[in-house]
Every structure is written in C-alpha cells, then in structure tokens.
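Trainee: Could we go through this model together? I would like to learn how the labels are decided.

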Amino acid sequence: MSFAPPPMSLLAELTHRCPLACPYCSNPLALDRRASEMETKDWLRVLDEAAALGVLQVHFSGGEPMARHDLPELVRHANALNLYTNLITSGVLINEKTLEALDTAGLDHIQLSFQDVDKAGAERIGGLRGAQQKKLNAARLIKARGIPLTLNFVVHRENVARVPEMLDLSHELGAGRVEIAHTQYYGWGLKNRDLLMPSAAQLEASTEAVVKARARFGNSLAIDYVTPDYHADQPKPCMGGWGQRFVNITPSGKVLPCHAAETIPNVTFPSVTENSLGSIWQDSPLFNLFRGTDWMPEPCRNCSLKEVDWGGCRCQALALTGDASATDPVCARSDRHALVMEAATAGHDGEFLYRRFSYP
Amino acid sequence: MSVSEDSILKFTRGHRLQHDRVRDVWLIQAPEKAFIADPVAAAILQLVDGARSLGTIIETLAETYQAPRDVIATDVQTLLTSLIDQRVLSA
C-alpha cells in the first residue's frame, strides 16, 4: 500500500437534524438520529487528529450544524488548532446572539444556502414556512458583523430560470462569493431526479447567465459554477479523486471519502469511535478501495484522462449501473452512457419525496 | 494599477497566510480553498502584517536578499496588486 498524501479538507457533518426538507439533500436516505450523534468530546478529539494529519479547513455541516449547541465550542477549538473554520448553514437558526457566539469563537467564513430567490419556490423546496425571510435576515446580520459570506444556490428545473436574480441578490447582499450548483443526483436527489432535471436549454441559459454576471461583477463577486453531470460527456473528478483530498465524518462518526459513500456495498465503514482518523485515512479498506488508478476497469485504465477525472464518481457508477467499480456512465466512453442520456430527457411527472427521518 | 509605497497592506478577513507544518509549505487560506504560496510569495507575504508600509517591505526584502531595490519593488508590486484585485489583501 502506497503512502497517501494527507487530506486538505474535512466535512464535519455534526448532525442530520435540519428544519428544512430539501428533496436533493446530500445526506443519505438513512439518516443518523440524534441518539447516535457523537458527543462534544469526540468531535474535539477528531479536530485534534485532523489538524495533526494535515487537514487545513474544517467545514461544519449537517443537517443544520447550528442545531448542535456545542458548535461555538467546536469552532473555538478548531480555530485554536489553526484550522480554517467554515460554517455551512441554512441560516434559519441565525440570530444576533447565535451569530455573536460563533463570531467570538473565531469563525472564518459562512456558506449560507438559499433554495431560490422566489419565496414560494424557496419554501416549496425547503418545506419550511418563513424560511426565506430568516435567510435574508441572516445574510444581513453576517454582513453587519463582517464575516466573509458565500451564498449557495442549488439549481434545478424549478428555479434555474432565476439564476440571473440569484446572482443579483448575492451582489446586493454583499456576499464575496456565490455558488451556483446544479443538483447532483445521489440519495435524495436521485429519488427526485426526474422532477429536478433541467433541460439542455435551461442548462445553457444558466451557463450564459453566469458568464454575463462574471463580466458584470468582476472581482466584487466570485462565482463558483457547478454544472450538472447528466448533460455532459466527461465525468467530474469527484472529490478530486477518492481518498486524495477530502474526508467526510458523519454525525455518528463514520469516516467516508465522500458524503454518498455509505451506499457502497460489501465494505466496512470505519469510525473515529474505533480508530484514529490518520489510520483510517491511510490504511482502511474503504479509503484504499478506489484510491489512485489501480482499481480502474477499461476504458479508464488506458485513458489519457484517468488522472484528470479519476474515473468520475464511484457512487454515481454504483447508482446507475449497480457496480461501484464501473466507469462513471457520464463518460461518453462508458458502454452505459445511454443511461445518462435517457435520464437527462426523461419525463417530469410525480411529487417530490422530501428528506425526512421516516424514510425508508 | 499599482499601490503607493506609503500604503499599509493587510489580509482581508477570511484570508490569511499560514505555514503548513505537515507539508512544509506556506499557504494562503481563503474561503473554501487554500493556495500554495511559492517561496518568493511567501517571503513577501510574511511581511504583510497591517503595520509595515509597502516601501518598508521592499526595503526589508532588498536588504535580506541583497538585491537591487527596483527589481524587488517590481516583484512585490506585481504580486500585491494581483492579490488586492482578488480581494485577498486590502490597502
């Protein structure tokens, strides 16, 4: 087994509890319940281990990480370890008091999600009445404190036409960055794929809106644009390669190479409650399963792009072909690329399956 | 655009220079990303402390590296102007 360079970034999913119910949530279908969440002391130890291992940035996420009352304590601890602290939040639990506690703890940056610019559209996706106004208030409070702010919009066929207004709102609220991210289809997103999938024309219009906004706003608003896989013919380098840069820890302490990896069959999921983060990163079967290029089948094995896209996404290969070690079918060279093309133009009937603890 | 030598530069909130002990490199930490600062950039940025003026930074580097002041000044201006444009630094 070769030495793996240490991870750059840790996604700390503190809880799966969340006031919102977005049908594309990146959490798994089987959510960790409160009783299974790690305690504060476990997370403090994980942060120590992460810093020692070489992690540079900690992204406190969820669910809604502000549902954990120990969040300021965890931020303070990470900050003392010189980890860059980022909060990924829906913003609905932000008020002057909760924000002050995080600011005082040394929080470096906030990524605030919006489901739409249109109130009805936003609340249809998030499933929480009054959420839009709370998010707008949160953005203003964050700005008033001078905490660097990125807005995040997940876009899909119901809201993608409003990308220009999303970019305008980001500028108006004084965000330094905005992420326009087309929905990724794993877990909940895959369950709702037909209802979320944009048309090729919608995708093109959103790309054009981003290009125009970049020209208009220049360096005053950095725009990160994540395109959808299904209208593409080359897969994304998922997570920058399996077990290469990124590590995810679930509320109960499982350590994963990406947030969807719990779908991978026939492998044990290591836990920080049993092993150190460093030994898991370096030696666990899960992290070595698709690390590097040795695992690759054809046509990846002899492809000149194998160290560019790392074979695409393992969870997507699994979800679409039933085989986690297959070439990502987004790739035009995959013999199952037709699966992706068909899904990109499928019908759009039915009702959303919202993210709930009661599933399955 | 260039910055006046009287300007006092600092990292904007959300950005900082940090030495990474594990990889033994200098990094600029930024919102949701980190950039590696090459050794020249790292030498310059270690002097950006919100107290020294640009002129002082140039003189310090010219002395440390025994290099002509105008050569150092050009390198420093190029780097810092670009980082101001990217909102990593403010004057």
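Mentor: From its N terminus on, chain B runs β-β-β-β-α-α-α-β, where helices (H or I, at least four residues) and strands (E, at least two) are DSSP runs numbered from the N terminus. This is a predicted model, in which local features need pLDDT of at least 70, side-chain atom pairs count only at pLDDT 80 or more, and totals for chains, interfaces and linings use all residues. Residues are numbered from 1 along each chain as its sequence is written, while chains are lettered from A and ligands numbered from 1 in the order in which they are written.

Trainee: What makes A:Thr104 count as exposed?

Mentor: A residue is exposed if 12 or fewer other C-beta atoms, placed from the backbone, lie within 10 Å of its own, buried if 20 or more do, and partly exposed in between. A:Thr104 has 11 such neighbours, so it counts as exposed. A:Thr104 lies in helix H3 (residues 96-104) of chain A.

Trainee: How many residues does each chain bring to the contact?

Mentor: Chain B gives 14 residues and chain A gives 17, with contact meaning C-beta atoms, placed from the backbone, within 7 Å. On chain B's side, strand S2 (16-20) and strand S3 (25-30) are the elements that give two or more residues.

How values were computed: Two residues are in contact if their C-beta atoms, placed from the backbone, lie within 7 Å.
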